[in-house]
Amino acid sequence: NNRPFQKTTINRSYTVDRSPKILITGGLGQLGTECAKLLRKNYGNENVILSDIIKPTEESLSNGPFIFADILDFKGLQKIVVNYRIDWLIHFSALLSAVGEQNVPLAVRVNIEGMHNVIELAKQYKLRIFIPSTIGAFGPDSPRNPTPNVTIQRPRTIYGVSKVHAELLGEYYHHKFDLDFRCLRFPGVISSDPPGGGTTDYAVAVFHEGLVTKRYECYLEPYTRLPMMYIKDCLSALFQFLNTPNEKLQRRVYNVTAMSFTPEELFSELKKHVPDLKISYKPDARQYIAESWPQVFDDSEARRDWGWQHKYNLERLVESMVRDVKKNML
Ligand code: AKB
């Protein structure tokens, strides 16, 4: 292993001459596998444990440990933290916005009860804990263009409500118990791994369906502007933020983004690569969700406090996605 020797601040109280041991929950969702790859490159394969309750693919098993972990089972989580000597927890398990509306009781269990378990676990074992939040943590009363870091948050989805709850509980545990809670509000993330159940997913699905069938029926209106970012930017924000010393953080929850576009703007960029692509529009309930969310996300505080910078604009994003999806199709 040719990783540089690292001095790592494991939590506020101690710095050790070893890599942190990291557990990723909900590891088989949109971000987990790629996130594990990035962290393993930096901290070593054996130090990053991917977990989920669903069966892994060959790829998810390919470069490091994968284990079963149910976020609703507190004792099971304790066992993992102790047995693997976990230092950092990255908590991806969640039902996204559209699918959450279809099964509210399940979203309450996974997004709220599950989060209660991991945050309590992090407090008990003094873990650094990262929980992603989202543009979905805002609602129709929030300013939409731009949406600043601190403003009114009255979301109208259970997903949004659960994320505001996570933000507030994390901040509270930080102030009350000194928990090293960190949270980024992500926009729609675009990756070649399919997401599932989100409102921004059209911007992923169009690549998968469009490149194969040359057709795509969009469930949002052509003019619906939403903040977005390419997965590489999303994961580098996460990595950089996780490694920012506590003294630099002015807050525990930051907006991050890269760009904002409408379906129409994305499709016209994609048509440069797929000229015979046929688009039609059939808006559904997800339109109402999208219309209550930010159009332009103000992430100036993340840029100022810990140097966040995105690399991918719309043109580079489309170029990379076409390449990634074609590679996966072969
Ligand atoms: C969703 O659309 O639900 C997610 C998100 C923006 O958090 N992709």
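Analyst: With the ligand: the space it takes is the largest pocket. On a 1 Å grid over the protein atoms alone, a pocket is an open set of points with protein on both sides within 12 Å along at least five of seven lines. A molecule sits in one if more than half of its atoms lie within 2 Å of its grid points. This is a predicted model, where local features need pLDDT of at least 70 and side-chain atom pairs 80 or more, while totals for chains, interfaces and linings use all residues. Residues are numbered from 1 along each chain, and side-chain values use heavy atoms, without hydrogens and water.

User: Which residues are around the ligand?

Analyst: A residue is near if one of its heavy atoms lies within 4 Å. Here they are Leu96, Ser97, Thr134, Ile135, Tyr159, Gly198, Thr199, Thr200 and Trp293.

User: Which side chains have a polar atom at 2.5 Å or 2.6 Å from a ligand oxygen?

Analyst: A polar contact is a pair of N or O atoms within 3.5 Å. Serine 97 has one at 2.5 Å from a ligand oxygen, and tyrosine 159 one at 2.6 Å. For threonine 200, a side-chain N or O atom is 2.9 Å from a ligand nitrogen. The protein covers 94% of the 250 Å² of accessible area that the ligand has on its own (Shrake-Rupley method, 1.4 Å probe).

User: How many disulfides does a search find?

Analyst: A disulfide is a pair of cysteine sulfur atoms within 2.5 Å. The search of the whole structure finds zero. The sulfur of cysteine 183 is too far for a bond, because the closest cysteine sulfur, in cysteine 234, is 12 Å away.

Definitions and conventions: A polar contact is a pair of N or O atoms within 3.5 Å; within protein, one must be able to donate a hydrogen and the other to accept it, and residues adjacent in sequence count only if both atoms are side-chain atoms. On a 1 Å grid over the protein atoms alone, a cavity is a set of points where a 1.4 Å probe fits but cannot get out, and a pocket is an open set with protein on both sides within 12 Å along at least five of seven lines; lining residues have an atom within 4 Å of a point.
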